[in-house]
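Here are my notes on this one, written to be read with the model open beside you.

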Amino acid sequence: MFYKVNRPYSGCAIYLRKSIDLQFERIECDSRRIIAVLLKFKDVELLLFNLYMPYDDSSNTDDFLMQLSLVSDIIERFPQTQVILGGDLNTDFNRVCSQTQILCDFLTQNGLIPCYQLIGYDVDYTYHFNCD
């Protein structure tokens with residue numbers, strides 16, 4: 001298990017099942033919003049990120065850019081490694097705003113695509129609660 005908890009500001013975790021036959025290494029990052037783990041199994045290396053990005057408003061743009069810069073620095077250290085970014089990106093890809101564009105540019109620059117582009121889905125929300 002890898003975790004950072006700095007509530008009330010953020011909290012991230014990555015849990016790995018003990019029975020999985022792999023090697024792993026936590027990648028140091030100077031941010032309370034990012035956890036990165038290098039997973040190695042057989043001949044595959046996977047760089048797994050859990051991100052807790054700043055809320056999408058113009059007052060957080062500098063922090064948003066800083067977090068993406070830290071992620072980019074880690075990705076550059078492992079050029080032959082597959083990458084998965086997960087977590088709370090605090091971005092709505094359907095909105096037209098600077099933070100969405102910054103994230104889309106970052107993904108393109110790093111050869112990444114959002115999963116919703118890989119699989120067809122018609123849900124435009126991330127949470128649903130039925131009240132009976």
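1. Start with the buried side of α1: Thr 61, Phe 64, Gln 67, Leu 68, Leu 70, Val 71, Ser 72, Ile 74 and Ile 75. Buried here means under 20% relative accessible area, exposed over 50%, and partly exposed in between (1.4 Å probe, protein chains only). Helices (H or I, at least four residues) and strands (E, at least two) are DSSP runs, numbered from the N terminus. The cover over those buried residues includes β3 (23–27), β4 (34–41), β5 (44–52), β6 (82–88) and α2 (98–109).

2. Before going on, a word on ground rules: this is a predicted model, where local features need pLDDT of at least 70 and side-chain atom pairs count only at pLDDT 80 or more, while totals for chains, interfaces and linings use all residues. Residues are numbered from 1 along each chain as its sequence is written, and side-chain values use heavy atoms, with hydrogens and water left out.

3. Does the length of α1 agree or disagree with its residue count? At 1.5 Å a residue, its 17 residues (61–77) should span 24 Å, and the end C-alpha atoms are 25 Å apart, so the two agree. The expected span is 1.5 Å times one less than the number of residues.

4. Now the helix pair. α1 and α2 pack at about 10°, with axes 11 Å apart; axes are lines fitted to C-alpha atoms over the stretch in contact, and angles run from 0 to 180 degrees between N-to-C directions. That makes the two helices roughly parallel (angles under 35 degrees). On the α1 side the contact (heavy atoms within 4.5 Å) uses Thr 61, Phe 64, Leu 65, Leu 68, Val 71, Ser 72 and Ile 75, and on the α2 side Ser 98, Gln 99, Ile 102, Leu 103 and Phe 106.

5. Have a look at Ser 72, which sits in α1. Ser 72 is buried, at 14% relative accessible area. Leaving aside neighbours within four places in sequence, Ser 72 touches Phe 106 and Asn 110.

6. How many disulfides are there? The count is 0, a disulfide being a pair of cysteine sulfur atoms within 2.5 Å. The sulfur of Cys 97 has its closest cysteine sulfur in Cys 104, 9.2 Å away, which is too far for a bond. Cys 104 is partly exposed, at 26%.

7. Finally, two loop residues to check. Lys 42, between β4 and β5, has a positive phi near 50° and is exposed at 89%. Asn 90, between β6 and α2, also has phi near 50°, but is partly exposed at 24%.

Terms used
Angles under 35 degrees count as roughly parallel, over 145 as roughly antiparallel, 65 to 115 as roughly perpendicular and the rest as oblique.
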